[in-house]
Amino acid sequence: MSMGPVWGAVLIAVAAGATPPVATLRDLGPALTHCFKAPDRSTGSEVTVLLSLTRDGAVLGKPRITFSKLVGEPEDKRAFVAAVLGSLSACTPVALLPSFGGAIAGRPLTLRFIGGGPAKAI
């Protein structure tokens, strides 16, 4: 039994507990950084990352660290940078509304990660 084609309908399925697709810049920062967990002994460290997204919410190219202030022992510094880059991998691709994805695709975005504190978009 076939229902035939359905024209003009858009279905966005959201799993239980999942967040709806991002529709604004205000919501994009938290969506990209909610996976970040600052490692122990990272208070005082900061990293700013420059990246671009595709219209589908995947990272376009490689994120680039444009600023870093890393404190502590060398292994603490490496752990902090690894946590930042790992969180970007874990949080992407981020679900974007198609119209929003088209508007931001390829545009530079800056995220600031702070040890012992929240990450935020700047």
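This is a predicted model: local features need pLDDT of at least 70, side-chain atom pairs count only at pLDDT 80 or more; totals for chains, interfaces and linings use all residues.
Visitor: Strand S1 next. Why is it largely enclosed?
Guide: S1 covers residues 46-53, and seven of those eight are buried, so the rest of the structure largely encloses it. Buried means under 20% relative accessible area, exposed over 50%, partly exposed in between (1.4 Å probe, protein chains only). Strands (E, at least two residues) and helices (H or I, at least four) are DSSP runs, numbered from the N terminus.

Visitor: Which way do S1 and S2 run?
Guide: Antiparallel, with seven bridges joining S1 to S2, residues 59-69. Two strands pair if DSSP finds at least two bridges between them. Leucine 53 stands opposite valine 59 in S2.

Visitor: And what do S1 and S2 form?
Guide: A hairpin, with five residues between them. Glycine 57 in the turn has a positive phi of about 90°.

Visitor: How many bridges link S1 and S3?
Guide: Six, again in the antiparallel sense; S3 is residues 109-114. Threonine 48 stands opposite arginine 112 in S3.

Visitor: Which residues touch the most others in the largest nonpolar core?
Guide: Leu28, Leu53, Val94 and Phe113, out of 21 residues. H1 (25-33), S1, H2 (74-91), H3 (98-104) and S3 each supply at least two residues of this core. A nonpolar core is a set of buried Ala, Val, Leu, Ile, Met, Phe, Trp, Tyr and Cys residues joined through side-chain atoms within 4.5 Å.

Visitor: New topic. What is the cis peptide bond here?
Guide: The one joining threonine 92 and proline 93, with omega about 5°. Proline 93 is in the loop between H2 and H3. Most peptide bonds are trans.

Visitor: What about arginine 41's phi?
Guide: Arginine 41 has a positive phi of about 60°, although it is not a glycine. Most residues other than glycine have a negative phi.

Visitor: Where does arginine 41 lie?
Guide: In the loop between H1 and S1.

Visitor: Is arginine 41 buried or exposed?
Guide: Exposed, with a relative accessible area of 61%.

Conventions:
Residues are numbered from 1 along each chain as its sequence is written. Side-chain values use heavy atoms; hydrogens and water are left out.
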